[in-house]
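Hi everyone, thanks for making time for this. I'd like to walk you through two spots in one model, so please have a look at it first.

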Amino acid sequence: MSNTEILTWREWLTDDAPASRRQAVTGNIYRSVRAVCSNSAAVSGLVMIAMLILVAAFARQISGDASPIAQDLATRLGAPNAQHWFGTDELGRDIFARTVYGARVTLSIVLLVSVVVAPIGLAVGTTAGYLGSWVDSILMRITDVFLAFPKLVLALAFAAALGPGIENAVIAISLTAWPPYARMARAETIAIARSDFISAVVLQGASTPRILFRHIVPLCLSSLIVRLTLDMAGIILTAAGLGFLGLGAQPPTPEWGSMVSSGRDVILDQWWVATIPGIAIFIVSLGFNLLGDGLRDVFDPKST
Amino acid sequence: MSTDPLLEVEDLNVSFFGQGETTLAVRNVSFTLGRERLGIVGESGSGKSTTARALLGLIPSPGVVTAKTLRFAGQNLLGLRDQDWQALRGQRISMVMQDPKYSLNPVIKVGHQIQETYLLHHQASADDARRRALAMLEAVKIRDPDLVFHLFPHQLSGGMGQRVMIAMMLITEPDLLIADEPTSALDVTVQNEVLRILDDLVTDRGMGLIFISHNLPIVSSFCDRVLVMYGGKIVEECRADALHKAKHPYTQALLRAVPRIDHPVRELSVVSRNPEWLS
Amino acid sequence: MRERTYGDRGLTLLWRLLSFMGSLLLTFTGLTAITFVIGRFMAVDPVLAVVGDHATLEVYEKNRIALGLDRPIIEQYFLYLKKLLAGDFGQSIMTSHPVLSDLLHFFPATFELATIATLLGVFIGVPVGVAAGARKGGWLDHFVRIIGLFGYSMPVFWLGLVGLFLFYGKLGWVGGPGRLDIGYDDIVTSYTGIILVDSLIAGEWDIFRNALSHIILPAGILGYYSIAYIARMTRSFMIEQLSQEYVTAARIKGRSFWGAVWVHAFPNIMVPLITVVGLSYASLLEGAVLTETVFSWPGLGLYITKSLFNADMNAVLGGTIVVGAVFIGVNMLCDFLYHVFDPRLRNA
């Protein structure tokens, strides 16, 4: 072979003087992943969320023959046994299967809200931060007004007016969840906009949307992801709260919040009907909180 | 007065155990102190402040203090109980800290902070304590003690704040005072005033003084003896008036680095460090 | 630079106060705008709500004009605002009372719940937080962080149900849902609407004890969240203060460790703590909505959710405005106070 030293993968990734853009980028990713893995909170959270995703994806396989919607009034309110691992609810449906399929509902709500909230927050925040002056003032006023609203109560009012259903619940939650991201994006944009490379791109003739979208937004992404992960737990709890009140996903779709609600009347005798779906909500929220805490420790230790 | 040395330090070591690595902040420091003035000079990180805190038993965990001998006026300081430390601190050993902006409690009136030291160690009436605090304010040459008594720290200028600090730490007439960079946070014009006040008080009460600073000229003019610290160790010990005869290259470099108004140079000399000094 | 005089400070304060009031007004306007939009556009056609499904076109039109629905939107909004300010929140379908009187009737129960929960948060959360922060890394520190983590992850309605099952169903330590056992209803004359206070005033010990046994679980559940939040914040404030030089100075003077903590560090965190307590109170109002539903607690929250089930939009929106306004008001006030009493003020 030639005289050049052959680096091991590890050396190549952690090289302090990367020779190519690809090396720098993958090196960064490697370092971040290592940092995250060394944080036990983040790892546990990641494991819980991975379980959520797997359960949602393989719901059919995991719950086997049991159907989440098949009713069997003869076996209603049965205690957990070999046939129904988590027991049956007031309509004789298998709670285990419903909990497993409920993961899909939870996951979809989380994803939908993120997909709605992140772009809006980024758009408002980066525009306000970059354009400044009266655009900034107006956008931030609007953001502050929405930021001050009580989440659950307002989501309630929206869902009440729009009617039940997952889409309406997502809209209702998103309407109060986007402001923090706008604020964050604005703060980051203001910091970035002063830097030289932005001036360079401006001099090259880039249009404002291009600057915002291609240059500023990517830099906001890491704190956005941290914040999003931290907020997920709150979003899940709000969605579950809406489900508990009968808004959100409608029967027979298994949604953990509404499952807790249906177990409410029989809590004293058949405690498992309400308790088990609640545990599922708890575990998933805990997972997101742990992951978010861990990510924040790694990427943004100074923020509270 | 007894001829017992005020402070006997032999082989003092302070280490901090971090995640997998140990920092030796103070290494094998030994000296004795009578009722005299000892200056400790060194740059940031040389271990001088850590030594001072070790003398007060205020090294926080994960720090560990060990020494062959650590005695104050015949009393062994090693393994001292909390109550005994509390009796010593403020009453017999005291410390004036660097910046009154941070070392005074922002939400308590300065007069009450001065009183507090006295009340912690003596049974006295509120009136009595107040009178003593006012007397101390006068002793540090504050012009309007009655007014200043009721002020909050942020209402004081730097020089006044430092004088309040001195009053607060000397009200109980301790035997040993440690001054940790007492003038470093002050304007040059104010520094001399505060130093003079300190000088008078220390002389009047016959206290021992450890004066810690990175400012060699001030230390050499103020103190009787000087210790030079580098990398946690003492590299030089001599009388203040014999500094120009210093043997260790670090001390010599420090002396050379002091700008002199009567000998202007084109380039200020900088200390070139020899890694051997750290061994 | 000349010293800032008290006159300077006063002027800045005034300016800050004015801009605070301005922001408050703006946000309230936003809130009412949203409830207006929801009520007007998203819910059931307001005309149909009045005339019913089978009205003729003429009746429909007549009522439409009478309700002012042919006017431009902005005008309609101002009409709406005028009504709100006059106290006209509409009529509740459910109770057949004016919504405002319903709200006033149900408010004390929520106030009682939130207040006791916050008191728990303060009297347990603050000492625990101080101790956790003072002994950073100790077992109490870890305990506080875990409690806080659980607090952010547990759904309040679930915790309430589990609590009911355990402490009422299985252990019988506390009273069940509702504020009082059925036999005790309406015995005590209501001066404040707060049964605990009213029964004390009337000297009815039995009723007081009964009310206590009923409130302790829901207040405890809500209190848990308050404790978790307040303890966490206290801990982090403490850690920050204990690293300051004046704490070391106190030790040098001869103060014991805990003396330095309580006499010196604690007074420095009292002001930010007050704002934290206020914020906690505000967020408890939200938690109360679900808690009241679980415990059949006749407060604002239950009123809102019951109205929800009855499609009583006037009541839902009226409740939203009240809860929203208190929430916003307390939050913004605390934010404002925090900045006014900022430590920055000290070095100014």
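How many residues does the contact take from chain C and from chain B? It takes 18 from chain C and 28 from chain B, where contact means heavy atoms within 4.5 Å.

A quick word on the model: it is predicted, so local features need pLDDT of at least 70 and side-chain atom pairs count only at pLDDT 80 or more, while totals for chains, interfaces and linings use all residues. Residues are numbered from 1 along each chain as its sequence is written, chains are lettered from A and ligands numbered from 1 in the order written, and side-chain values use heavy atoms, leaving out hydrogens and water.

Back to our interface. Chain C and chain B bury about 2100 Å² between them, 56% of it on carbon and sulfur atoms; buried area is the accessible area (1.4 Å probe) that two parts lose on being put together, summed over both. The rule finds two salt bridges across this interface, a salt bridge being a side-chain nitrogen of Lys or Arg within 4 Å of a carboxyl oxygen of Asp or Glu. B:Glu116 forms a salt bridge with C:Arg255, with the closest N and O atoms 2.6 Å apart.

Now for a spot inside chain C. The axes of helix α5 (residues 99-134) and helix α12 (residues 300-309), both of chain C, come within 7 Å and cross at roughly 135°.

How values were computed:
Axes fitted to C-alpha atoms, helices over the stretch in contact; angles between N-to-C directions. Helix = DSSP H or I, 4+ residues; strand = E, 2+ residues; numbered from the N terminus.
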